[in-house]
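Work through the exercises below with the sequence and the model in view. Each task is followed by its solution.

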Amino acid sequence: MGAFLTKRLISTSIGKSAMNRDDNYSGESKSDQQITPNGSAPHSTPQLTPHLTMAVECRGIKKSFGQGDAQIQVLRGIDLEVAYGEMSLLVGPSGCGKTTLISIIAGLLDPTEGEILLLGRKLNELSNRQKTEFRSEKIGFVFQQYNLLPSLTAAENAAVPLLIQRIPRRQAIARAGEILAQVGLGDKRNSLPSQLSGGQQQRVAIARALVHEPALLVCDEPTAALDAKSGQKVMELLKAVAVREDRCVIVVTHDSRIFYLGDTMITMNDGTIERIEKMDSVSQENQKRI
Amino acid sequence: MIWIAWKMLTGDKSKYIGIVFGVAFASLLISHQISIFVGIMTRSNHLLHNIREPDIWVMDPNVRYVDEVIGLSEDALYQVRGVEGVRWAVRFERATVRTRLAEGNHPKARGDFRQVILLGLDDTTLIGAPRKMLIGSMADLKQPDAVIIDQAGYEFLWPKQPLRIGQILEMNDHRAVLVGVCDSGQPFQSQPIFFTLYSRSIDFSPPERRMLSYVLVGANEGEDQKKLARRIAQKTHLQALTVEEFKWKTIRFYLATTGIPINFGITITLGVIVGIAIAGQTFYLFTLENLRQFGALKAMGLSNSRVVGMILVQGTIVGIVGYGIGIGLAAAFFEGTQNQIHLKGFAMLPEIMIGTGVVVVVIVLLASLLSIRKVLVLEPAVVFR
C-alpha cells in the first residue's frame, strides 16, 4: 500500500486562506493569541511557537496511565502537526494510542508530558473551565456510537452544542434544522433517533458536530457501527460538508474502505507516529480502487 | 439545559414512573402514618380536647394518663377551692361502666352488654358538657335518669339506625334514658361516651369508696396557670396539671408503655428506606444508563456545574411530582374518610405536610448525590472508548 502513497510532511501543505479564519477565543484579540516562547519549557521538547497555518501542533506528547508497576505508557512522545483545510485520518492497530491522542488533542485528557497548541491556544495553560468553554465553542465531535439523546428529535439533538452555548432554544433548533437539511435530513428533523437508521443517526451526529461552526472536528470511528455502503456515504458527506479552509477535521478510523477520502494519513503504532502521508489525488484514486 | 434535563427524564417513561412512584410511595406512607399516629395520640387525650373549660386538672398523685382514674375524696374539691388564684373548681367523674341495652345493636338482639365511658358533669354548672348537640338538649340532662351519648357511640350501639332519643338503657342496675345525641371527639378505644350529671353518675358507676375522678379548676383572670397548678399541688398534696402538661404526660405514657411509637416508627422508617431505595436506585440507574450521554455533553463543553444542575433539576421534578401524588393520595384518604364517624380525629396537619416535604427533599438529595458523584468523576474521554 505504501507504494501508492506519497510521503510528505503535512506542514508544507497549507493554503494561505487558512490565515483568515476566525480563531478569536474568550474575547482575546488576534494579537493576544500570538504565543511567544518564554524560555520556561517544563521538559526538553522544543517550545511551541504559534503557527497560524496549523490547527494542531503537538510536541513531545507522552501519556501514561496507572502508577508504579501497573503504569502503562500509551503515548511515547508524539510530535504532530495537522493543518487547516484538510481531513486527516488517524489510523493504526487497536491499542496503539489513537483514542488517547485524539482525547488529548480535543482537550478531554491532559498529557503526562509535552505541549499542545490547538487553534492557536496552548491547552496546557488553560484551566479546566477554560478548556470546557473552548471545547464548546471550537470543537465538534462525532462519536462511534453517535451518542444522540434518545428522547430528543433529530433537530433538538443537532441543536445541543448551541444550547450548551446558551443560544435560545427556538433559535438553536432553527439553525439545527438548516444544518440537518445540508446533511440530507431536512425531512427527518422531527424524528427520534429510534426512528432513524444507523447512517441517518450518524448524519444527525455530523450535523450536531457542525452546527456551532467549530474550527476542529474530531471524529472517532464514525463508520464503525455502519455497514460498508452507509459508512462510505457518511464519510463522503462528512468530507463534503465539513472540510473547509478554516476547519481541521481529524478522523480516527480502522476502516480502510474510507482511506481514499483522507487528505493526510497519520499512521500510529505502539504509542508513536509511524508515518505521516500526504494523499494526492492519484493516491486517493488508487486507494479508492483498492 | 433544564429543558434537556426534563426531556431526558421524561423520555424514559418506565424509569420516570418508577422514580416518581418511589417518591410518591414514600410521601404517602410517611404522611399517612404520621397523621394516623398523631390522630391516635390526640384520641388518647380525648377528655382534654372535649372538655375545654378548665385551666387545670387536679387528680390523685399516682395518675399517669387521662383515662387512668384513681378516686379522690370529696374533701379534695373544698381544698382546691381554698387555694388562692382559683376562680372556680367543680367535680368531674370519668368511669368505665357496663351498659345493658333494652334494644340491642342487632334487630333481633335484646339485652346486649357494652362497655362504655361515663362522664359525670357538675350538676350546677354542667362544665365539661359537649358543645354541639345533634338531637336533644343539654338542659334535658336535668330530667330523671337522663343521659346523652356521642354520635359515634350511638352508631356503635345502634348501627344504621337514625338518630332518635328515648331509648332505655341499664347502667349498674339503674335505669337510664337517652335524651340527646352530641358531637364529641373520639376516645382512644372508640368506646361510646355517655354524659350525665355527677350525682347520677355516682349511681350509674360500680360503687367505690371514692368516686370523684378529677377536680376541674378555672384560674383567676391573669393568673399564671403553671404557678397556680404548683400552688394547688403544694397545698393539697394532689397532682395538679395544666391542660398542656396533662396532654404531654398522657402522650409520654402512651409512647413509653405501648408499642404504638415503635410500630409507627418502623412503618415511617420503612417509608423513608423504601423511598430512598426505589427512588434512589432507579434514579441512579437512570443516570448510569445515560452516562455516555452525560459524557458526550461534557465532551461537547458542558461544565460540571451545569451537569449537576441538570441532575438536580431532574431530582426536583421527580420530587415535586412524587410528593404531590403521595400527599394528594394521603389527603384524599383523609378527605374521603372525613365523614366516617369512627375515624374522627384523623387528619393531615400542615406540619405533617411540611415535614414529609422535608423528608422527600432528603430522599431526592440523597438519590441525586449518588448520581452527581458518578457524573462528576466521569471523564468526558469515556465517549471515545
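**Exercise 1: a strand and its partners**

Ile149(B) has Val181(B) as its bridge partner in β7(B). The model is predicted: local features need pLDDT of at least 70, side-chain atom pairs count only at pLDDT 80 or more, and totals for chains, interfaces and linings use all residues. Residues are numbered from 1 along each chain as its sequence is written, chains are lettered from A and ligands numbered from 1 in the order in which they are written, and side-chain values use heavy atoms, with hydrogens and water left out.

Task: In which sense does β5 (residues 146-150) of chain B pair with β7(B), and over how many bridges?

Solution.
1. Strands are DSSP runs of E, at least two residues long, numbered from the N terminus.
2. Two strands pair if DSSP finds at least two bridges between them.
3. β5(B) and β7(B) are parallel, with five bridges.

Task: Which residue of β7(B) stands opposite Met133(B)?

Solution.
1. β4 (residues 132-136) of chain B runs antiparallel to β7(B), joined by four bridges.
2. Opposite Met133(B) is Cys182(B).

**Exercise 2: the salt bridge**

Task: Which side chains of chain A and chain B meet in a salt bridge?

Solution.
1. A salt bridge is a side-chain nitrogen of Lys or Arg within 4 Å of a carboxyl oxygen of Asp or Glu.
2. Between chain A and chain B the count is one.
3. Lys7(B) and Glu156(A) form this salt bridge, at 3.8 Å from N to O.
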